[in-house]
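Colleague: Can you walk me through this model? Keep it short, please.

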Amino acid sequence: MLLAVLMALPVLSFLSARAYAAEGEPDIKAEAAILIDADTGRVLWSKNGEERHYPASMTKMMTALLGISLLPPDAKITISADAANTEDTPLHIAKGDVLTSEELLRGMMMVSDNGAAVAVAEQIDGSTSLFADRMNEKAKELGMNDTHFANPNGLTDPNHYSTPHDMARLAQYGMKNPVFRDFVRQKELQIAWLSPSGKTLLAENTNELLGNYEGITGIKTGWTSAAGGCLAASAERGGVHLIAVLMKAPTEENRFLDMRKILDYGFASVTLVNGPTTKDASRHVWVKNSVNSRVRVRPVTDIDYPMLPGEDAKKFSVRYEVPKVLSGPLYAGQVVGHVIISYDGEDVGSVDMASDAAPEGFGLGSWLVGLFEKPLSWF
């Protein structure tokens with residue numbers, strides 16, 4: 001029960017979104033933007049980062065992640081009339097076309113095909129409205145408390161909105177998924193159809209920073225006349241991993257110019273300070289409903305504190321939020337808690353804690369843990 005409550009909490013909902021003023025902070029034309037440390041979620045800079053705007057095709061990050069988790073890569077998706085007739089389908093999909101889910105999702109993310117998003121939604125839930133409900137459930141799970149999805153592609157709808165911070169939370173979650181990372185890093189790729197046989201299209205990614213900005217690793221563009229220019233981007237240099245999101249840029253080109261300024265600022269400002277390693281931060285936790293009575297949990301990565309100019313490394317601290325008793329079975333790498341990072345007493349980020357395997361089965365020690373779960377939780 002404790003584990004279920006923990007995992008239901010929006011991990012990043014408590015993180016401060018205040019702007020950190022510093023010399024040389026980016027002067028951008030977009031109305032709202034945010035920069036976070038991709039490893040911890042720490043907000044490094046913000047301009048109206050909690051302000052609601054239309055997210056346009058950045059929406060497809062959520063559609064892709066749900067598609068990846070719920071559809072086998074070789075699942076056959078037949079394009080419906082509704083999907084084929086959706087506004088803006090640069091993949092040139094037609095009614096009756098058949099593609100694998102992997103090919104369709106790749107193409108959707110690269111050329112931002114709105115009809116492909118409809119096809120994915122229909123494949124999973126039978127309708128875009130039911131799929132939007134699923135999107136909103138996932139958004140709540142991720143702590144995207146200022147987001148509401150009305151469709152799978154980001155076409156303008158008064159009930160379809162988000163914030164730079166929420167989109168950054170989504171991008172951070174997505175970049176933990178190796179399939180998603182591979183989708184969004186591709187500059188160009190040949191997309192192949194199952195039917196008509198032999199039909200292909202060379203997809204060119206709408207993210208112009210790919211191949212043109214040092215360290216860029218993704219993620220997703222967006223544009224409508226109502227949303228303006230939108231862009232979620234990730235980049236890595238010298239161990240520093242950044243994610244930035246901007247919304248409501250005046251032109252399509254401005255979003256790329258603005259993003260360069262934001263990422264440049266981040267790489268110039270952040271210094272990494274060593275915190276606990278995975279070994280230092282490992283813990284043993286009691287387990288019930290398993291052959292094991294205890295399991296080791298540890299951070300998914302060594303913890304480095306992203307320090308901003310003028311800060312004191314000694315003011316960083318961590319605390320561990322992991323249930324005293326876990327319920328098996330557990331698979332290796334399962335997220336069961338978090339390391340919360342604080343600076344000068346303020347929570348600023350977190351890193352997932354994952355467990356070793358705890359196989360299903362009966363063990364006397366584990367049975368006793370279940371029997372005495374309440375008193376064990378007191379210590």
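Predicted model: local features only at pLDDT ≥ 70, side-chain atom pairs only at ≥ 80, totals over all residues.

**Sheet, helices and one lysine**

Modeller: Start with the open sheet: five strands in the order S2-S1-S9-S8-S7, with antiparallel pairing. Two strands pair if DSSP finds at least two bridges between them. Helices (H or I, at least four residues) and strands (E, at least two) are DSSP runs, numbered from the N terminus.

Colleague: Which strands stand at the edges?

Modeller: S2 (43-47) and S7 (216-224) do. Each has a single partner strand, so one side of each has no neighbour in the sheet. From one strand to the next, the twist averages 5°. Axes are lines fitted to C-alpha atoms, for helices over the stretch in contact, and angles run from 0 to 180 degrees between N-to-C directions.

Colleague: How many bridges join S1 and S2?

Modeller: Four, in the antiparallel sense; S1 covers residues 32-37. Opposite Val43 in S2 stands Ile36.

Colleague: New topic. Why is H4 called largely enclosed?

Modeller: Ten of the eleven residues of H4 (residues 101-111) are buried, so the rest of the structure largely encloses this helix. Buried means under 20% relative accessible area, exposed over 50%, partly exposed in between (1.4 Å probe, protein chains only). Among the buried ones are Glu103, Arg106 and Gly107.

Colleague: And what comes just after H4?

Modeller: Ser112, with a positive phi of about 60°.

Colleague: How does H2 cross H4?

Modeller: The axes of H2 (residues 60-70) and H4 come within 10 Å and cross at roughly 165°. That makes the two helices roughly antiparallel (over 145 degrees; under 35 is roughly parallel, 65 to 115 roughly perpendicular, the rest oblique).

Colleague: Which residues meet there?

Modeller: From H2, Lys60, Met61, Thr63, Ala64, Gly67 and Ile68; from H4, Leu105, Met108 and Met109. Contact means heavy atoms within 4.5 Å.

Colleague: Last one: is Lys288 buried or exposed?

Modeller: Lys288 counts as buried because its relative accessibility is 17%. This lysine is found in S11 (residues 283-288). Leaving aside neighbours within four places in sequence, Lys288 has contacts including Ser327, Ser366 and Glu373.

Methods: Residues numbered from 1 in each chain as written. Heavy atoms only, no water.
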